[in-house]
Protein chains: 2
Amino acid sequence: METKIKFSYPSSEKVYLSGKLYPEIKVGMRRVRLTPTVTFEGEKRHVEENKPVYIYDTSGPYSDPNIEIDLKKGLPKMRQSWIDGRKEGQTQMYFAKQGIITQEMEYVAIRENMNCEELGIKTHITPAFVCKEVAEGRAVIPANIKHPESEPMIIGTNFLVKINTNIGNSATTSGIEEEVEKAVWSCKWGGDTLMDLSTGDDIHETREWILRNCPVPVGTVPMYQAFEKVNGKAEDLTWEIFRDTLIEQCEQGVDYFTIHCGIRLKNIHLADTRLTGIVSRGGSIISKWCKVHQKESFLYEHFDDICDICAKYDVAISLGDGLRPGSTYDANDAAQFAELDTMGELVERAWAKNVQAFIEGPGHVPMHKIKENMERQIEKCHGAPFYTLGPLVTDIAPAYDHITSAIGAAMIGWYGTAMLCYVTPKEHLALPEKEDVRTGVVTYKIAAHAADLAKGHPGATIRDNALSKARYDFRWKDQFNLALDPERALEYYKTSNEVDANYCTMCGPNFCAARISHSLKNCQEESK
Amino acid sequence: METKIKFSYPSSEKVYLSGKLYPEIKVGMRRVRLTPTVTFEGEKRHVEENKPVYIYDTSGPYSDPNIEIDLKKGLPKMRQSWIDGRKEGQTQMYFAKQGIITQEMEYVAIRENMNCEELGIKTHITPAFVCKEVAEGRAVIPANIKHPESEPMIIGTNFLVKINTNIGNSATTSGIEEEVEKAVWSCKWGGDTLMDLSTGDDIHETREWILRNCPVPVGTVPMYQAFEKVNGKAEDLTWEIFRDTLIEQCEQGVDYFTIHCGIRLKNIHLADTRLTGIVSRGGSIISKWCKVHQKESFLYEHFDDICDICAKYDVAISLGDGLRPGSTYDANDAAQFAELDTMGELVERAWAKNVQAFIEGPGHVPMHKIKENMERQIEKCHGAPFYTLGPLVTDIAPAYDHITSAIGAAMIGWYGTAMLCYVTPKEHLALPEKEDVRTGVVTYKIAAHAADLAKGHPGATIRDNALSKARYDFRWKDQFNLALDPERALEYYKTSNEVDANYCTMCGPNFCAARISHSLKNCQEESK
């Protein structure tokens, strides 16, 4: 089954960088070719070459013309030979604690740095640094041993800010290619991980197809499948049903689980006085279970058992924030912070079993309350990576919540959040369609990249500066090719311009500031 | 000429609040009616009324069904009787310095507070406070005595953050209605002021039509018209040509002028080492003039004369940042800050002549460098209002620069910027079309409102909380009606839902967190 799912980026080629510790490692990057800068001094023509720009590439084999894609076979199992020599329970964190640098660790180190070394840009990100960060729990490499198709990536405050995208719907067998297409679409635009939130009958098979064909780590909320098994009756859930679901998904290759273990019976009432109650699906289900049974949740009670299962496969735990605020009014309240305290306790228990873990965060938070979220999370959760949904900084703009949330996301990313869960324009209104996914991903790439710039990630400015120079040089095509969304930039430009003009219709030739600015260089001589 | 330009907001009516000092003042507001919250306890039905929400309204008479619009006649001259009794040179700042509260001052005080008083929300914004802020230069009420059609509004850090929208194109006589339509369109979505950046032959007539029909203050960059008069040859500009242009526009009723007086001959070279030179049109023109003539600019040299003209009409001066950075690379550099120092000197000279003034700011600034802009501006410019363009926090997303800039705009608004100049998705690429204007305005309303929330503006949370409650109650229509863009919210919702369901297709009835959360209330009883 050869598909039309493959694509290429304009003026770009797929290149691979090799490891030093592990020469067999091949880290895929996108290299964008640029045209030279041409200037004139009187009649004399100066030509200055512009170096290609390397871009962190989440598209995997789909943008490599040399790799054949067959959805039925799945992607090449790149990590299989690395995994084969390992023993059960030897997670990335296990190795890191021994000071052993795995292939995954060197891979992510190379990946994070793009071509900084070649450009002489100093970087703190070495394989040894990655190892130390994973050992100390400040970073996570989600990498289920049963998902060898995925390309290693790292989530941690000292690395590039990552973004997660959600897909999910009930799929029919005939729609498998469609499901995979959605996943690839998200990877094309820059999604770093993918959460499959599918519900419905074909949940297992859909996930199987996604996992076998997805080049990025895949997360799930296992409660959704467990909830299906009890026909949507929260009170009928049991630890056994949940446990079996976990094992089933571990076996399939899910790389991280969102589990709402942080909800304690004694804290649920704290949400009673809220404006918008409990807005997390997993959180509301487990809260209902607790209240009906008047018991501590089995997720909390069996947390060590959950960790034992996850350790076996190196599945990371994303501690879900079941009591996150659903409105700016509810932000930073007692319910939210009580759960954060519990998550801080749980993350240490996960680490004790070498299970990688990160912490989910809000949600809806006005700007002046964002920083407190980050500071408390660092303090209470001992530096474990933070993974937030936005936050939305106002509630008055449904249909624009990708924007209300990108503002909060960029800020909290700058403050230290490691991964941002995207929000599409359809948030709160309807299920996102393909174009919504594209808009959501690009918007979150903006937030993540803005945070990288503000944090001073090595090499983060390369692309901005190359694009700005192209803009000032009127190298329009280079500007588009370097853009997060080359297609849309070109499309907008074409609404009123010819490509390659040395001005644009916004100002016209006479009013073009860049043109006048260029002319300043020689104007003292002219005026003599 | 009756037009189809009028409109109404859904479930809303135009209401007017009266003054206390000046009972003849009628401040238009939009009042949104809400449906009640209905809950069930077993069979018992509880009905809780939800108070209407008052929204700051920039749409003027266009949303009042009782006012007839005739573009040829122009809008009612609301302020004419207030102005008639005044003497030349009696600007808002002149009155404020005498401690005299004008009608405009009471008007904006009422406008800023919406219906806080009725709701018992404490507010610092009284007419006396407005008067003090204007007297001390911390706030500006742009109100040319020749533009009596405009509804007073205030720009200052202690007030609601405002947004400016730009329109402008060359118009033909037959296209007059179209030009006015663009202006009204921007006001409909919430634009607080409007800059007419038209160039071309019909510049005077286009402006006339806009001014006579525009309910918000209008700004211009007079240099553009002066530049046309010398056929685009910067070096041919003279003070006399510029002066005559100023007077012409004052007479027409322009409320504020962007003038790039801050460019000094000695500082222009500071832009030589930039990645993207000078990107302000006005800035590049006057820099060229300075360099060709090797003289201090006539804008700087004649600043006092400019102030004398502006004082006569109470036109505010917006000190244009001709050396603003055009890329994140150039942010906060010596050129930019040298100009800011000059603006600090000039603003005091303006105040000495009772001319209201504010300061323009960048542009392109990565997040970690935004705060310095605000702090320096406050320090160097003695608390004069700051008016920024974004700033864009990254340069890698052409076609999404409304978003890259909204992130910076929200942050700098929170830090104290008084007005944000909008950016549309077409920025850097093409002239915005109608839908781009809508997207740009709504995006900037988000940034401004997020800043209002973070600053704790009285009453800013009312709309957020009302919308959040509507969302949690499944009062879908109320949610849409309270949204910044009700039409788009409804349109998105309809892609997969029936209006008035007590769940939505995103989660379906079983997976709806809000529904489960609602059911928690009674579940302890149920479980007994």
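Leaving aside neighbours within four places in sequence, A:Ser287 touches A:Ile263, A:Ile268, A:Ile278 and B:Leu520, where contact means heavy atoms within 4.5 Å. The model is predicted, so local features need pLDDT of at least 70 and side-chain atom pairs count only at pLDDT 80 or more, while totals for chains, interfaces and linings use all residues. Residues are numbered from 1 along each chain as its sequence is written, chains are lettered from A and ligands numbered from 1 in the order in which they are written, and side-chain values use heavy atoms, with hydrogens and water left out.

A:Ser287 belongs to helix 10 (residues 281–293) of chain A; helices (H or I, at least four residues) and strands (E, at least two) are DSSP runs, numbered from the N terminus. With a relative accessibility of 0%, A:Ser287 counts as buried, a term for under 20% relative accessible area (1.4 Å probe, protein chains only). Its side chain reaches the backbone oxygen of A:Gly283 at 2.7 Å.

Further along chain A comes helix 16 (residues 434–455), whose 22 residues reach 31 Å from first C-alpha to last, close to the expected 32 Å; the expected span is 1.5 Å times one less than the number of residues. Of these 22 residues, 19 are buried. A:Gly456 follows helix 16 of chain A and has a positive phi, near 75°.

In chain B, eight strands close into a barrel in the order 8-9-10-11-12-13-14-15, with parallel pairing; two strands pair if DSSP finds at least two bridges between them. Strand 11 (residues 256–259) and strand 12 (residues 316–319) of chain B are joined by four bridges, and B:Phe257 has B:Ile317 as its bridge partner in strand 12.

Terms used: Buried < 20%, exposed > 50% of the residue type's maximum accessible area, 1.4 Å probe, protein only. Polar contact = N/O pair within 3.5 Å; in protein donor to acceptor, adjacent residues only side chain to side chain.
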